[in-house]
Amino acid sequence: MNESLRCPTKACSGWVCEIEESENRSFWGCGECGEIWSERANLNRSIDQMLTKHSYRKGVYLKVGSNWHAIDIDLEPENYAELVSEEWQNQ
């Protein structure tokens, strides 16, 4: 099973997962906002950038080596989706 983690796109609390296009090619995408990352490294950089802007988002990620991973959904802050949805207002 492919890992899913919270989308780092502004005001999106959707889920990002790896999508296999073919046997040798895949990309990462969010089903909620449609954002796409061609490589895991690009997704990791997007998460890094978002975390510098919105520290409360750190509550849904765990860094292992150079990759960000999702924490257990039961451990997410209860108001996470609400905080993320307010990002457009808090520029």
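**View 1. The cysteines Cys-17, Cys-30 and Cys-33 in the predicted model.** In this predicted model, the sulfur of Cys-17 lies 8.8 Å from the closest cysteine sulfur, which belongs to Cys-30, and this is too far for a bond. A disulfide is a covalent bond between the sulfur atoms of two cysteines, and a search of the whole structure finds zero of them. Cys-33 is likewise in no disulfide, since the nearest cysteine sulfur, again that of Cys-30, is 3.8 Å away, whereas a pair counts as a disulfide when the sulfur atoms are within 2.5 Å. Cys-17 is partly exposed, having a relative accessible area of 27%, and Cys-33 is also partly exposed, with a value of 37%.

**View 2. The antiparallel pairing of strands β1, β2 and β3.** Strand β1, which covers residues 4–6, pairs with strand β2, which covers residues 15–22, in the antiparallel sense and over three bridges. To follow this pairing in the structure, one can look for Arg-6, whose bridge partner in β2 is Trp-15.

**View 3. The largest nonpolar core and its contributors.** In soluble globular proteins, nonpolar side chains tend to be buried together. The largest nonpolar core of this model holds 15 residues, and the members that touch the most other members are Val-16, Trp-37, Leu-43, Ile-47 and Tyr-61. At least two residues of this core come from each of β3 (25–30), α1 (40–53) and α2 (80–85), and α1 gives the most, with three residues.

**View 4. The surroundings of Tyr-61.** When residues up to four places away in sequence are not counted, Tyr-61 touches Leu-5, Arg-6, Cys-7 and Pro-8, together with Ile-47, Leu-51, Trp-68, His-69 and Ile-71. Of these contacts, Ile-47 is, like Tyr-61, among the core members that touch the most other members.

**View 5. His-54 in the loop between α1 and β5.** His-54 is found in the loop that lies between α1 and β5, the latter covering residues 61–64. His-54 counts as buried because its relative accessibility is 13%, and the cut-off for buried is under 20%. From His-54 to Ile-71 there are 17 residues in sequence, and the distance in space, taken from C-alpha to C-alpha, is 17 Å.

How values were computed. Residues numbered from 1 in each chain as written. Predicted model: local features only at pLDDT ≥ 70, side-chain atom pairs only at ≥ 80, totals over all residues. Heavy atoms only, no water. Buried < 20%, exposed > 50% of the residue type's maximum accessible area, 1.4 Å probe, protein only. Core = buried A, V, L, I, M, F, W, Y, C linked by side-chain atoms within 4.5 Å. Helix = DSSP H or I, 4+ residues; strand = E, 2+ residues; numbered from the N terminus. Contact = heavy atoms within 4.5 Å. Pairing = 2+ DSSP bridges.
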